[in-house]
Amino acid sequence: MMQAEPAARLDAVTHRYGRVTALDALTLAIPAGRMIGVIGPDGVGKSTLLALIAGVRRIQQGSVHALGGDLGVKAQREARRGRIAYMPQGLGRNLYPTLSVFENIDFHARLFGQDAAERRGRIDELLRATGLDPFEGRPAAKLSGGMKQKLSLCCALIHDPDLLVLDEPTTGVDPLSRGQFWDLIDTIRARRPGMSVIVATAYMEEAERFDWLVAMDEGKAIATGTPAELREKAGQATLEAAFVALLPEAKRAQHREVVLRPRTASDDATPAIEAEGLTRRFGDFVAVDHVSFRIGRGEIFGFLGSNGCGKSTTMKMLTGLLPASEGTAKLFGQPLAADDMETRRNVGYMSQAFSLYSELTVRQNLLLHAELYHLKPAEIPGRIAELLSRFDLADVADERPESLPLGIRQRLQLAVAVLHRPAMLILDEPTSGVDPIARDAFWRTLIDLSRDDGVTIFLSTHFMNEAERCDRISFMHAGKVLAVGTPQELAAQRGGGTLEDAFVAYLKEASGIEDAPEEPVPAAAETTQPAAPARRFDPRRLWACARRETMELLRDPIRLSFAFLGPLLLMLAFGFGISFDVEKLKFAAFDQDNSMESRQLIEAFSSSRYFDEQAPIRSAGELDRRMRSGELQLALEIPPSFGRDLMSGRLPEMSVWLDGAMPFRAETTRGYVTGLATQYAQGFAADHAASSHAPAAVTVETRFRYNQDFKSANAMVPSVIMLMLIVIPAIMSAIGVVREKETGSIANFRSTPISRFEFLFGKQLPYIAVAMGSFVMLVLIALFVFGVPIKGSAWVLALATLLYVSATTGFGQLVSSFTRTQVSAVFATAILSIIPAINFSGLMVPVASLSGGGRIIGMSLPPAWYQPVSVGVFTKGLGAAELWPNLAMLTFFFLLFLVVAQFALRKQEA
């Protein structure tokens, strides 16, 4: 009998991240048509293994085959994109928060080229199967954790994959939603028994329901087989105990059972935490609804509840991070106030998400928080050394947290939380996503803190075995406390089953969910044909990306306001605030001559539009004082003999005092003074010559070919348009790609058939449209606010602008393709666009006047080619005949940035 082709096969696969080896010569064959579980501690390579099988991570060494194709060969990898679905780790990481439930699934369907009728049919079927049909129009951001994972699963299943890869899909999801998630998977597999499912999980009770398991440690598979085979091989009753028993001897020796020692009653009867009617509202939404409970000193109190039920909000109110809308909270008998620093020093808080500084090392994070908590300088080194040893962080003290496994990062957060020796710890799901061994080590530390140091511990969790270790627990749903008691009491109240059974029963009762009788699963009919290879270019995928980006942009009022109000305000500020016109200069005369000739000279100045005469100066001291105060920019000092010397043919002298604080203005003013003085002298000479019947002197008049009025606005406004259309559009488009890297939705690009061109150009199109809208607005401002007319070809200006904004938004996407954070993308784009646009585009100095590196920089960027178009069309009346080289260069830059961005953006992670 021929053996079936495995769903995936790895041969001698090694994968490294710097010095860390994630997979170590791993050879593994994963059977097809089954539910496969991958279990193991943090950092053993589970996520790397799944990413390689899904084709989203580049193979470094060895070979990986999936569905019969070699994923190391691009053509074979791309041919299987339509048959593999990948759901990355994290709640809703492949979702778009502002898109509705329907719009998220619809976008994924469009990426696989489905037409409208097929999309509608598949979406309706998936929404009914997952129970999301009543929430079709709800934004993904407003879904609970369990609902987000169901939606993520719908997005992954929209194209009927043959291989479904799920990376810890239920981490951070409450037990009821977890059960519903796996029931859904079982139903789908019953209808499509040929579909293979590979799952990485941190929950051992989940792994019990899988058909076949891969237990991993240090990048290697230490055991494979069914759950029963692994338990039998290890000689253990539970899968969690079996996994520990299968570890190498050195690691087994480090593991110890978690023993909950009896709690010693505190002499102080004052509760550590006392909440009465605690309520928190966000607008009309009630997140926490009149919650009341008491927690004794030294007690370990567990908070269990459905996703979004208000656990985190309650904890933030108890730490003073959020004010309560109603009710009271006391810590150690003292009312909690947001500004009560002394009470808050008694609390150590550990948030659900990692909240320390990834740029600092482990040791530097501890040092920083020691100083923030005002520990004595002499005490800090010893305290840090103690915590590094106690939390087993000494070996990674000089590593950055971002390179560490999740379990180690959580230990670091706990070390920071207890750094200042607080009397109470508030921990928000501290072990979410942490492997069993790391969880046990974490819990041993918590028990030591509670029993040995008397620390009160208030924590939330979704792990039932952790809840059983608490002294007391509370069940919460929809902002209300359902029950409080010891784990044994709460289990007994619901028939004496397991604590998880009791919790699910409470949640079902509170939610109005009734156990429906099982419906027979329709007979399986494997009619699904292997997906046809995706086309190299599909305009439907490009449009899907452009459409989704447009919807996200329209639903983001801040970005949209920035896109239009930013250019508007900057245009007005630059247009009115930056002017090279030097007019209405305030001047006064210190006339010590008072002759007709001196009065004529002063009248020559006062009659000019460049000068504004002020009250005359009476003394040298007054001249100095008025110049110092800034009242005058120019002062004329005429000596007593000025008129007499002039009439007698001698060369008269006159002092002109200029305010040189603004060199450009002073230099221009000097030119005006020289011109007026020359004009006055020529006029006097002409009058004198006329009376003497001598020939008049020859005069030269200068006329300007363009901008005859010599107004700065005629040159400045077209230049500001150039500046605005690179700064704002480039920064906006720079956020596009890198935002998806940060949120995790970049996995959709890497795991679907969409090409780099379709992805980049599709995301770029909305920003081009927004930039063209800004251009129309800026032109209207130029025409009707500044009175700057278009004298040349309007269509040439429009075409050049379209090419220009295509280039500038492409530049932003290029920066976004190789940066990793939105902050770095914005800074890099702003610096690389603003400085060349101001200094090397012709805005300040003509490009033709630049030399050397300045000229090379100017000619190497789009602003230097658009600036002559904008100014030329507005002020010189130029058209296509004169500006076609500029249009050609702008086209070149647009294509260049788009091509280079495609090389910079990797379809696979390294």
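Which residue just after α8 takes a positive phi, and of about what value?

A: Gly-235 does, at about 65°. Before going further, a word on the source: this is a predicted model, numbered from 1 along each chain as its sequence is written, in which local features need pLDDT of at least 70 and side-chain atom pairs count only at pLDDT 80 or more. Totals for chains, interfaces and linings use all residues, while side-chain values use heavy atoms, with hydrogens and water left out.

Helix α8 covers residues 227–234. Helices here are DSSP runs of H or I with at least four residues, strands are runs of E with at least two, and both are numbered from the N terminus. Pro-227, Leu-230 and Ala-234 of α8 are buried. Their arc around the axis is only 65°, so they lie on the same side of α8. That arc is taken from the directions that run from the helix axis to the C-beta atoms. An α-helix has 3.6 residues a turn, so residues three or four places apart point the same way. Glu-232 and Lys-233 sit on the other side of α8 and are exposed. Buried means under 20% relative accessible area, exposed means over 50%, and partly exposed lies in between (1.4 Å probe, protein chains only).

What do the buried residues of α8 pack against? Their partners are α7 (204–207), β9 (212–217), β10 (220–225) and α9 (239–246). Contact means heavy atoms within 4.5 Å.

Gly-235 is a glycine with positive phi. Most residues other than glycine have a negative phi. Two other residues are worth a look here. Asp-160 has phi near 50°, positive in a residue other than glycine. Asp-160 lies in the loop between α5 (145–157) and β7 (163–167). Its relative accessibility is 26%, so Asp-160 counts as partly exposed. Ala-478 is not a glycine either, yet its phi is positive, about 55°. Ala-478 is placed in the loop between β19 (472–477) and β20 (480–485).

Now to helix packing. Two packed helices are described by the angle between their axes and the distance between the axes. Take α3 (residues 101–111) and α4 (residues 116–130): their axes come within 10 Å and cross at roughly 130°. That makes α3 oblique to α4. Axes are lines fitted to C-alpha atoms, for helices over the stretch in contact, with angles from 0 to 180 degrees between N-to-C directions. Angles under 35 degrees count as roughly parallel, over 145 as roughly antiparallel, 65 to 115 as roughly perpendicular, and the rest as oblique. The crossing of α3 past α4 is right-handed. A crossing is right-handed if the near helix is turned clockwise from the far one by less than a right angle, and left-handed if anticlockwise. From α3, Val-101, Phe-102, Ile-105, Asp-106, Ala-109 and Arg-110 meet Arg-119, Arg-120, Ile-123 and Leu-127 of α4.

Glu-136 is found in the loop between α4 and α5. With a relative accessible area of 28%, Glu-136 is partly exposed. Leaving aside neighbours within four places in sequence, Glu-136 contacts Ser-100, Val-101, Phe-102, Arg-120 and Leu-127. Glu-136 and Ile-123 are 13 residues apart along the chain, and their C-alpha atoms are separated by 9.7 Å.

Next, another helix pair. Helix α13 (residues 362–372) and helix α14 (residues 380–390) pack at about 130°, with axes 10 Å apart. α13 and α14 are therefore oblique to each other. Their crossing is right-handed. Val-362, Arg-363, Leu-366, Leu-367, Ala-370 and Glu-371 in α13 meet Ile-380, Ile-384, Leu-387 and Leu-388 in α14.

Further along is Leu-658, in strand β24 (residues 655–658). Leu-658 is partly exposed, at 31% relative accessible area. Not counting residues up to four places away in sequence, Leu-658 touches Met-627, Gln-633, Leu-634, Ala-666, Thr-669 and Arg-670. C-alpha to C-alpha, Leu-658 and Arg-670 are 7.7 Å apart in space, and 12 residues apart in sequence.

Last, the whole chain. The chain holds 33 helices and 24 strands. Of its 910 residues, 51% are buried. Among contacts between residues at least 6 apart in sequence, 74% join residues at least 24 apart.
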